[in-house]
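This briefing describes the architecture of one protein chain for a reader who is new to structural analysis. Please keep the sequence and the structure in view while reading.

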Amino acid sequence: MAIAGSNLVQNNGSGNGSIPQTTRTRTYRQGNTTLSLREGQTLKGVVTDVHGNKITLDMGEGASFTGELEDAGRYSIGQKAGFQVTSLGDNTIVLKATSDAYLLGMDDTIDQALEEAGLPKTDRNLMIVESLLENGRSISKDSIMNAIRLTSKFPDVSADAVITMDRLNMTMTEDSVRQFEQYKNNSHQLLYKMDSLTDSIGEMLSSIGEKVPRLASQVGSELIALALDSNPSLEENALIRERTLPGEAEIPTFFDAEGKPVPSDTLLQLSGEELVLTDEQGQPVTIADALKQLTEASPELASKLAALNPEETEAAAASELPDGITEEEAANMASSENTPEASQESTGALNRMRSLFNNLTDSAAGAIRSAVAQSGLADDFRTPFIHEQVGYSLSPEERESFSALLKDYPISEEMKQAVADGTATTRELLTELRSQFPELSDELSGKLLSDKSFHRIIKSQFMTNWTLSPDEMKEEGAMRRIYEKMNTQFGVLEHFSENTLGKNLFQELSGNAKDMNQNLDFMKTLNDTFQYLQLPIKLQNQNAHGDLYVMTRKESLRKNPNKLKAVLHLDMDHLGTLDIHITKENTAVTAAFYTDNHSTEALLGKNMDMLKDAINEQGFAFQATTNPKEKDFDIVKDFLGSEAPVGDMKRYSFDLRA
């Protein structure tokens, strides 16, 4: 407690001038000075220091004291304020705030700070001082000058973003500062940026198709190849299993040494073996050649092989790169994802939260489906197609128009009909179109690239590559793989025009792709300290943006790995914004659902007991509440700044009476 001087005659108001006889009065001594205070007394002055729940008030003429205030954090150094003494102890003065009307306005504080520092009141300087105050930093002349020098390094970014990053001790580059500002302004969501990126792909295709159709075949082939550079999703594989694909009856048969046919699934298990089989003509065939023929004939078998042998599949793909990489080096690169550094997601807090969410969602899935069905929402928004089908991407009218366009193209009648009824997958359609591009005239190639429905098909395939369904999220390493796929494809798209046409003619496409890759890089930087992931989720009838914040810091997790706290933020078309605050300690789990949608709150409340019972049956002690959402979750204030270090700050007070 810092006490200096006394000026109680002028700073002595109690509100009504009368003091009850029971009011306590105490005298505090500091060095050679004393200060007499009484409970109920109101003191006014300038805030000179704020630390935790302690606040120091300078009352003028050398008199100052430090007291405890529950909401001290809402005050800034340099503000004028009034407080009432509510309790006096031996070493503690407890305060409560008086009317906010006595607070000095932020604008006045900023103006005074710049006057004391002898600096002009430019918009930039005003913004810098305001940010210093909001970040709890000193507003001395030296502090303001240091902030001006720091922010001048990043003139295209707001001063507040730079000063906040400096307070959080974050590494600052032009890219990281720009990304931080996007996160701070809540304009960071990858899912919505994907829309812009894929729209710019469509604009590029239209420009090529209309202006330089002689390049349409090349551009179309290369772009489709990139879009198809992904494994089929779980939902797509399930669809494949439900029906017979064109040409699947022609899957070749191979025989062992005794002349017995070897089932295709058995051959997949033999990948890497040196056995020799015979084909239907009796010619010797190696396992590798047999697998190649099988996977070319059936996308389902190709997907199964990739799932069974991810390392070999990636190594084989890498060995085909024209950069001199040997097969052994490619295999090493492919297996590098199993290193401790690459598998951090599998062992860290994010993986623990993933496991928890899996247990919760698995046990509650039936209850949720039942609740949604009873609510009638399912009937309103159900679609008979999965995301990977043409029927999901195109309306019936668009499918009719696109089918009419395809009549002039040399693709199978079965495919044309499957496009018309929407049952074809975008992968099947794009695969067949790509194979026909070399045979198309410039006119037909240009016409296809200019078609809006073709753009939507391309967009749908890319969006499928970059999103995960809830079931896919349960797979080990799924988030790591989807981020690696994004990183690779965003990188190719950033330089697509330059590599394909020899010039970077499509700046919007390049800029959007670059921004998204920088977004991924910034997330990696965040995860050096904070556990955070964006979740581009593929739901039945929509794509949804999600954020997963693990609020427990890494140091705390090392000390107590069984205690986790996280926030899951979801933005959905029909249910609105939903924040789920989850705390887990051993098997005790509590969840608080916050929503700004009254219908969603009612739906959750109505079915919460069903959810509790389903989860408790899995061995959790689960409790949950539903609450109206009063404020948005702030990634900077509520997450990055919640436990972030603020460094060694020097507090500063200037004389507001000057």
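Of the 658 residues in the protein chain, 48% count as buried. The model is a predicted one. Its secondary structure comprises 29 helices and 15 strands. Among contacts between residues at least 6 apart in sequence, 62% join residues at least 24 apart.

**The six-stranded sheet**

- Six strands form an open sheet in the order S10-S11-S12-S13-S14-S15, and their pairing is mixed.
- Strand S10 (531-538) and strand S15 (621-628) stand at the edges; because each has a single partner strand, one side of each is left without a neighbour in the sheet.
- From one strand to the next, the twist averages 15°.
- Helix H6 (residues 190-211) packs on this sheet, where it touches S10, strand S11 (543-550) and strand S12 (563-572). The direction of H6 makes about 140° with that of S11.

**Pairing within the sheet**

- Strands S11 and S12 run antiparallel and are joined by six bridges. In one of these pairings, Val550 has Ala566 in S12 as its bridge partner.
- S12 also runs antiparallel to strand S13 (residues 576-585), and 10 bridges join the two. On this side, Ala566 stands opposite Ile582 in S13.
- S12 is mostly covered, with eight of its 10 residues buried.
- Strand S14 (residues 588-595) and S15 run parallel, with eight bridges between them. One example is Val589, whose bridge partner in S15 is Phe622.

**Helices H6 and H26**

- Besides packing on the sheet, H6 packs against helix H26 (residues 507-526). The angle between H6 and H26 is about 155°, and their axes are 8 Å apart.
- Angles over 145 degrees count as roughly antiparallel, so H6 and H26 are described as roughly antiparallel to each other.
- The crossing of H6 and H26 is left-handed.
- On the H6 side, the contact involves Leu190, Lys193, Met194, Ser196, Leu197, Ser200, Ile201, Glu203 and Met204.
- On the H26 side, the contact involves Glu508, Leu509, Asn512, Ala513, Asp515, Met516, Asn519, Leu520 and Met523.
- The residues of the contact between H6 and H26 comprise 10 nonpolar, four polar and four charged.

**Helices H3 and H4**

- Helix H3 (residues 141-151) and helix H4 (residues 159-167) pack with their axes 10 Å apart, at an angle of about 110°.
- Angles from 65 to 115 degrees count as roughly perpendicular, so this term applies to H3 and H4.
- H3 contributes Ala147, Leu150 and Thr151 to the contact, while H4 contributes Ala159, Val162, Ile163 and Asp166.
- By type, the residues of the contact between H3 and H4 are five nonpolar, one polar and one charged.

**A buried residue: Thr500**

- Thr500 lies in helix H25 (residues 496-501).
- The relative accessible area of Thr500 is 10%. Buried means under 20%, so Thr500 is classed as buried.
- Apart from neighbours within four places in sequence, Thr500 is in contact with Gln218, Val219 and Glu222.

**Two loop residues with positive phi**

- Most residues other than glycine have a negative phi.
- Asn186 has a phi near 60°, a positive value in a residue other than glycine. The position of Asn186 is in the loop between helix H5 (174-184) and H6.
- Asn586 likewise has a positive phi, near 60°, and is a residue other than glycine. Asn586 is located in the loop between S13 and S14.
- The relative accessibility of Asn586 is 46%. Buried means under 20% and exposed means over 50%, so Asn586 counts as partly exposed.

Notes
Residues numbered from 1 in each chain as written. Predicted model: local features only at pLDDT ≥ 70, side-chain atom pairs only at ≥ 80, totals over all residues. Heavy atoms only, no water. Pairing = 2+ DSSP bridges. Helix = DSSP H or I, 4+ residues; strand = E, 2+ residues; numbered from the N terminus. Axes fitted to C-alpha atoms, helices over the stretch in contact; angles between N-to-C directions. Contact = heavy atoms within 4.5 Å. Parallel < 35°, antiparallel > 145°, perpendicular 65-115°, else oblique. Left-handed = near helix turned anticlockwise from the far one by under 90°. Nonpolar A, V, L, I, M, F, W, Y, C, P; charged D, E, K, R; others polar. Buried < 20%, exposed > 50% of the residue type's maximum accessible area, 1.4 Å probe, protein only.
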